[in-house]
Amino acid sequence: MGLRDPQYVVARPLYSEDAFADEHEKIHRHHKTLRHHVKQYFTCDLKRAKNAALSLLPFIGWMRIYQLKEWLLSDIVSGVSTGLVAVLQGLAYSLLASLPPWYGLFTAFFPVIIYFFLGTSRHISVGAFPVLSLMVGAVVTRLVPDEGPPVNITGFEGLTSDEQRVMVAASVTFLMGIMQLAMGLLQVGFIVMYLSDTLVSGFTTAAAVHILVSQLKFVLGLVVPGLSGPLSITLEKIFVQIEKTNVCDLVTSILIMGVVFIVKEINDRYKAKLPVPIPIEVIMTVIACGVSYAFNFQVIYKVDVVGRIPLGYESPMAPNMQIFGQTAVEAFPMAIVGFAVAFSVAKVYSVKHDYIIDGNQELIAFGASNIIGAAFKSFAASTALSRSAVQESTGGKTQIAGLLSALIVMVVTLAIGFLLEPLPKSVLGAVVIVNLKGMLMQIREVPHLWRRDRPDCVVWVVTCLASILLGLDLGLAVGLGIELLTVVFRLVRFWIYEPEGVKIFRIPSPIFFANIDFFRGKLVEAVGFNPLRVLRKRNKALRTIRKLLKKGELQMTSKGLLLTSSGPIEESEDESNMEELDQPTDFKDLPVQVNWNSELPANIQVPRVDVHSLILDFSAVSFLDISALKGLKAALKELIRVEVEVYIVACDEYILEKLHSCKFFDDEVKSSMFFLTLHDAMLHILEKHPVNSENTKVCEKV
């Protein structure tokens with residue numbers, strides 16, 4: 001080895017575990033006893049009662065901070081827009097559930113009211129979801145088939161076929177609600193972690209295929225009995241009758257699908273310029289109703305229309321216990337899928353708008369919504385992605401928008417529902433099919449998954465094919481089994497060693513979809529602050545500083561920035577452009593770079609960050625899946641943007657290759673952060689940040 005070659009020499013005594021423990025203080029975490037936990041659980045005081053009330057009724061929390069002048073108009077616009085879409089989708093998704101169309105209006109009303117009080121998301125639109133509607137329809141047609149007698153169930157006597165179907169749908173929805181409520185009360189919301197993004201993507205793609213095929217009979221104007229269970233796709237019976245296609249239905253459907261598709265693409269492309277998305281489904285529905293009524297489509301062209309829509313609500317109904325026994329196997333996957341989809345959408349909006357959602361409380365909210373909704377003859381409720389996007393994109397701030405959408409549905413139900421009676425069912429089928437685009441296009445993920453993560457690709461393909469061929473309930477079970485086979489059970493614990501100003505975080509297991517959220521939570525706990533919240537605080541502070549400089553109330557002096565006004569200064573609470581708050585801090589137009597750990601002018605408060613370096617020890621990380629890559633990169637960017645230097649050590653060569661192939665690195669997350677060993681990284685840090693070794697301490701958190 002030449003004299004110029006980089007090198008280091010390590011000299012230290014040889015330690016046994018006991019000798020090392022004798023010389024270095026070890027900080028132990030004190031575990032609470034079972035008796036202490038039980039005592040604490042049953043202890044009640046004013047603060048605990050208040051927290052319990054806020055937890056059970058989350059609307060109290062956001063109503064207390066409701067900004068009437070800033071938010072009310074946005075909620076009204078959003079509520080009206082969402083309500084119109086909810087009416088149309090309620091009618092359309094009732095066809096998927098094999099029910100008379102007006103029962104979809106009940107689903108767009110009762111669950112929304114209950115979720116307003118119990119839900120933690122401020123932006124999702126509660127109501128019918130096409131995948132759940134199809135799963136309900138499979139149960140309904142199994143017990144009350146289109147051809148032949150219904151299953152022998154006490155309580156069916158004297159009821160029409162439609163009334164029997166409503167009883168089945170309401171009962172299975174009630175049972176689904178009980179399961180969700182029980183899971184919420186038992187605090188098992190974590191179960192959704194075991195449905196990875198890949199599995200949900202494959203499952204919903206298969207569901208979209210089922211939905212597409214189920215709507216072909218309406219688009220073509222054919223009479224095709226609904227099938228349920230394995231191999232339920234009805235293509236064969238549709239093609240046998242293809243010569244009976246109703247040309248008027250077909251032309252109407254193609255026209256509706258074409259116009260709606262084009263306008264939706266325009267909405268998507270110019271969403272930044274449009275004040276609100278064009279409600280093209282509603283517009284085309286109104287036009288179709290008018291044309292159908294004017295030209296008497298039902299009589300002249302034999303078009304199947306929505307028909308009579310009774311005004312008002314029906315009397316509540318008790319669930320049928322015998323149906324519970326017949327549908328328990330289907331109700332459980334419905335409960336899981338309904339919650340998983342709603343929670344995923346809610347989580348996206350909660351991150352975007354910076355508030356917290358509670359998975360267990362969401363289970364309670366949806367459980368109660370489905371139980372009470374079923375009592376009033378609505379069917380399974382979750383959230384539809386397109387409807388939630390309308391509620392959020394039109395400016396909705398809280399569930400006041402959801403409440404107003406329910407009022408729009410109520411007006412239709414009580415007063416003007418008869419105007420929709422001439423609406424051709426082919427129009428509803430066309431609207432359903434167009435809204436499947438997002439789910440069907442998920443198939444484009446397969447080539448990417450095959451190149452980047454083949455086990456994930458297998459999970460996607462097997463889940464999708466099993467759900468198509470075996471039915472949605474069995475397909476979900478198969479997909480979950482395949483997914484669990486791709487991972488080995490590993491103990492999830494993280495060890496932390498703390499030199500001064502440095503955090504060393506050791507991960508003793510692979511990182512994958514089931515533990516990435518746990519990993520990120522423990523990382524935040526280890527560094528002692530939430531980097532995303534700190535970043536947003538810093539960017540809000542910069543907004544305030546720029547505003548004060550512009551007004552002349554803050555001036556640059558030899559001692560730094562000096563406040564010239566004596567009045568109170570309020571931190572900027574502007575909630576617009578939340579995405580900008582997540583970007584790196586930008587000092588280019590300021591006369592000085594802000595030292596965030598020093599005293600800031602105008603009493604601006606920003607959390608201190610005492611950690612300058614973080615080392616992630618990857619020596620025990622044998623693989624990362626796609627979900628983990630996304631979560632890890634997001635966590636690293638959040639830390640880097642608050643000026644914490646991140647180093648990753650002892651990383652497996654396979655993982656490094658995967659990171660490169662998945663384009664993990666960019667201008668912020670660079671490959672230079674990886675070091676061969678922990679010692680290499682530590683020496684590098686000590687060169688940049690000399691530290692008093694006497695202050696170094698070691699602790700273990702389990």
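1. Packing of H15 and H16. In this predicted model, helix H15 (residues 321-353) packs against helix H16 (residues 359-375) at an angle of about 125°, and their axes are 10 Å apart. Angles over 145 degrees count as roughly antiparallel and those from 65 to 115 as roughly perpendicular; H15 and H16 are therefore oblique to each other. The crossing of H15 with H16 is right-handed. On the H15 side the contact involves Phe339, Ala342 and Phe343, which meet Gly359, Glu362, Leu363 and Phe366 of H16. Sorted by class, the residues in this contact of H15 with H16 are five nonpolar, one polar and one charged.

2. Packing of H22 and H23. The axes of helix H22 (residues 454-470) and helix H23 (residues 472-485) come within 7 Å and cross at roughly 160°. Because angles over 145 degrees count as roughly antiparallel, H22 and H23 are assigned to that class. Their crossing is right-handed. H22 contributes Val458, Val459, Val462, Thr463, Ala466, Ser467 and Leu470 to the contact, while H23 contributes Leu472, Asp473, Leu474, Gly475, Leu476, Val478, Gly479, Ile482 and Glu483. The class composition of the contact of H22 with H23 is ten nonpolar, four polar and two charged residues.

3. Serine 201. This residue is located in helix H10 (residues 197-220). Is serine 201 buried or exposed? Its relative accessibility is 4%, so serine 201 counts as buried, the cut-off for that class being under 20%. Leaving aside residues up to four places away in sequence, serine 201 touches Gln442, Glu445 and Trp460.

4. Threonine 252. Helix H12 (residues 247-269) contains threonine 252. With a relative accessible area of 16%, threonine 252 is buried. Which residues does threonine 252 touch, not counting residues up to four places away in sequence? They are Phe297, Ser426 and Val427. Threonine 252 and leucine 220 are 32 residues apart along the chain, and their C-alpha atoms are separated by 9.8 Å.

5. Asparagine 296. Most residues other than glycine have a negative phi. Asparagine 296 has a positive value, with phi near 50°. The residue lies in the loop between helix H13 (280-294) and helix H14 (297-300). Its relative accessible area is 35%, so asparagine 296 is partly exposed.

6. Lysine 663. Here too phi is positive in a residue other than glycine, with a value near 55° for lysine 663. Lysine 663 is placed in the loop between helix H28 (653-661) and strand S10 (674-675). Its relative accessibility of 64% means that lysine 663 counts as exposed, since that class requires over 50%.

7. The chain as a whole. The secondary structure of the protein chain amounts to 29 helices and eleven strands. The protein chain has 702 residues, of which 49% count as buried. How much of its accessible surface belongs to carbon and sulfur atoms? The share is 62% of a surface of about 35,000 Å². Regarding contacts between residues at least 6 apart in sequence, 81% join residues at least 24 apart.

How values were computed
Residues are numbered from 1 along each chain as its sequence is written. This is a predicted model: local features need pLDDT of at least 70, side-chain atom pairs count only at pLDDT 80 or more; totals for chains, interfaces and linings use all residues. Side-chain values use heavy atoms; hydrogens and water are left out. Axes are lines fitted to C-alpha atoms, for helices over the stretch in contact, and angles run from 0 to 180 degrees between N-to-C directions. Helices (H or I, at least four residues) and strands (E, at least two) are DSSP runs, numbered from the N terminus. Angles under 35 degrees count as roughly parallel, over 145 as roughly antiparallel, 65 to 115 as roughly perpendicular and the rest as oblique. A crossing is left-handed if the near helix is turned anticlockwise from the far one by less than a right angle, and right-handed if clockwise. Contact means heavy atoms within 4.5 Å. Ala, Val, Leu, Ile, Met, Phe, Trp, Tyr, Cys and Pro count as nonpolar, Asp, Glu, Lys and Arg as charged, and the others, Gly among them, as polar. Buried means under 20% relative accessible area, exposed over 50%, partly exposed in between (1.4 Å probe, protein chains only). Accessible areas come from the Shrake-Rupley method with a 1.4 Å probe; for residues, only the protein chains shown count as cover.
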